[in-house]
Amino acid sequence: MLADNRIKTVTSLEAAPAELPTKGRSLWRDAGRRFMANKAALTSLIVLIGVVLFTIVGPYFAKWSIEKVDWSVVGNVLHAGAPSLETGHYFGTDEVGRDLYSRVIQGTQISLLVGLVGSAIAVIVGTIYGAVAGYFGGRLDSAMMRLVDIIYSIPYMFILILLLIVFGRSFIMLFVGIGLISWLGMSRVVRGQTLTLKNREFVEAAIATGSKPRDVIFRHIVPNLLGIVAIYATLLVPEMILLESFISFLGLGVQEPNTSLGALISEGAQTMQYGTYWQLAFPLVFFITILFTFFFVGDGLRDALDPKDR
Amino acid sequence: MIQFILKRLAVAIPTLLVLIVVSFFLMKMAPGNPFAGEKTVPQSVLDNIYARYGLDKPEWQQLAEYIYNVVFRFDFGPSFQYRDRTVNDIIAQGFPVTFTYGAWAFVAASVIGIALGVVAAVRQNSWADYLSVGFSIGAQVVPNFVMAPILVLVFTLWLRWLPGGGWNGGHWSNVVLPVVALATSYFANIARITRSSMLEVLGSNYIRTARAKGLPGWKVIFGHALRPALLPVVSYLGPVFVGMVTGSVVIDLYFSTGGIGQAFVNSALNRDYSTILGITILLGALTITANLVVDVLYAWIDPKIEL
């Protein structure tokens, strides 16, 4: 690849100055090319975009709302509630006769939202926290990181459940609870990366020209962290989705009539002994697809952005 | 060594205290009152109830007494839900169940995982290798609350081999499915970690030397390669233990084993604050202790770590 470029530049020297700037190979363009070459990651990304589009477009085709009970199905869910195009229950109904198609769409939306919000909080809080701790170092660093150590070793699952019980089960509490813990790992990663960055020449140069610490951190260090932050944030999404599903499975997540994939899987798992397998199958397929694709996209991003593999 | 343990304790003890204090005040901040009923109760009766549960004292004193009772007398106080039972009773009833299958799952995951990982590394690109790699990818997206229903579907509903729930005094047929459901994802991860670290060790110079001097293959693997290859596995055992503890909540609930996880969720739904608090602290303490043990174990195995 490199050799090709060189030959081209040499042979068409006059055209080169006009051509070169557009052909600049930035970190991101390189990463983009590597990512596109990774078939598993690219396929996953396309599937993932498909799932997201489905949750946006899907509701327009729904004939039933998430909470409306189809009375013609009640009592005979096994036969009347099976997936069918005629009744409008494309994915069948759940045990009490509510449309599973609408519920799966809502569950997927909520799971994705939880993943993205958790990840976003991790990016914002974790990056700033880690960069500040790493940049200033010394006693501030060890105090900040000790705090992370302590929070990290608290079994957060129980604290989160406790939070949900004490303050009531709501979206906001769920996001607050997940936000409380999601940034810890990110802050460690960012701090480690900052430690290696802050001794580099460009940071020294910035300090030498009299930049304030705030400017050095936000203008020079944070932009150079974006690669690793992007990788970590993508891999964090499935973790957050798993966490939320776990809590929903226990019946402690979002409240009825709202639902999430974890809650749907839990309901489906309880009723499958009656032969209504679709109640488990549809949410499960969406759940596993989302997790799979996020893992592969995260993996692909790591391969594409990780400077060690270059 | 002692200094190292002390250093680790210096993190573990504050963590445990933070856990107790945070949980305690979360419970105090809870809206409503565990004794609020539909009837209006005379103030004198309420005062008596509060005195019985020690709720008439200032909060810092309640906290201090709670910590004292938990730490020195292992007493988690009375249950708010069941008048004739203490939190200790509930724990004593549920914990042995959870511990039984948890321990089996821990052993099964470690032994099978390490064995599969070693085989996969030694016979790289064989069917065992593909099996372990395939497993570990699958296990990443199939959490135990998905695994459990699938197992019940196959082994209870289709094959009718094993009961899909209950405990039955720990009869083996009731133990198998919870153990498998709990162990699967961790054994796959252990196999993956063992495989990659074993591959790295097998490629090193001293292994080549050992082979060159004519040692039989099994002696090279078990005498020379295994111990250094297990280092990353040991550091993973901490998270495995945490996963087993939290995962047991799902398993208890799904298989109705009557374990401590079931007690936890029941008391969570019934707002039995003292039981939630007790179980949170107990399981939290177990997790923190397990991490401590893993840290020490790791330092003991790896001579490169400075104590």
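In chain B, 73% of the contacts with a separation of 6 or more join residues 24 or more positions apart; two residues are in contact if their C-beta atoms, placed from the backbone, lie within 7 Å. The model is predicted: local features need pLDDT of at least 70 and side-chain atom pairs count only at pLDDT 80 or more, while totals for chains, interfaces and linings use all residues. Residues are numbered from 1 along each chain as its sequence is written, with chains lettered from A and ligands numbered from 1 in the order in which they are written.

**Chain B**
- Chain B contains 12 helices and 0 strands, where helices (H or I, at least four residues) and strands (E, at least two) are DSSP runs numbered from the N terminus.
- The C-alpha trace of chain B spans about 85 × 55 × 30 Å along its principal axes.
- Of its 307 residues, 38% are buried, that is, have 20 or more other C-beta atoms, placed from the backbone, within 10 Å of their own.

**Interface of chains A and B**
- In chain A, 29 residues are in contact with 35 residues of chain B.
- Helix 8 of chain A gives the most to the side that touches chain B, with 8 residues.
- That side of chain A has 25 nonpolar, 3 polar and 1 charged residues (nonpolar: Ala, Val, Leu, Ile, Met, Phe, Trp, Tyr, Cys and Pro; charged: Asp, Glu, Lys and Arg; polar: the others, Gly among them).

**Helix 9 of chain A**
- Helix 9 (residues 171-197) of chain A has 27 residues and should span 39 Å at 1.5 Å a residue, which agrees with the 38 Å between its end C-alpha atoms; the expected span is 1.5 Å times one less than the number of residues.
- Helix 9 of chain A bends by about 25° at Gly179(A), the bend being the angle between axes fitted to the seven residues ending there and the seven starting there.

How values were computed
A residue is buried if 20 or more other C-beta atoms lie within 10 Å of its own, exposed if 12 or fewer, and partly exposed in between; C-beta atoms are placed from the backbone.
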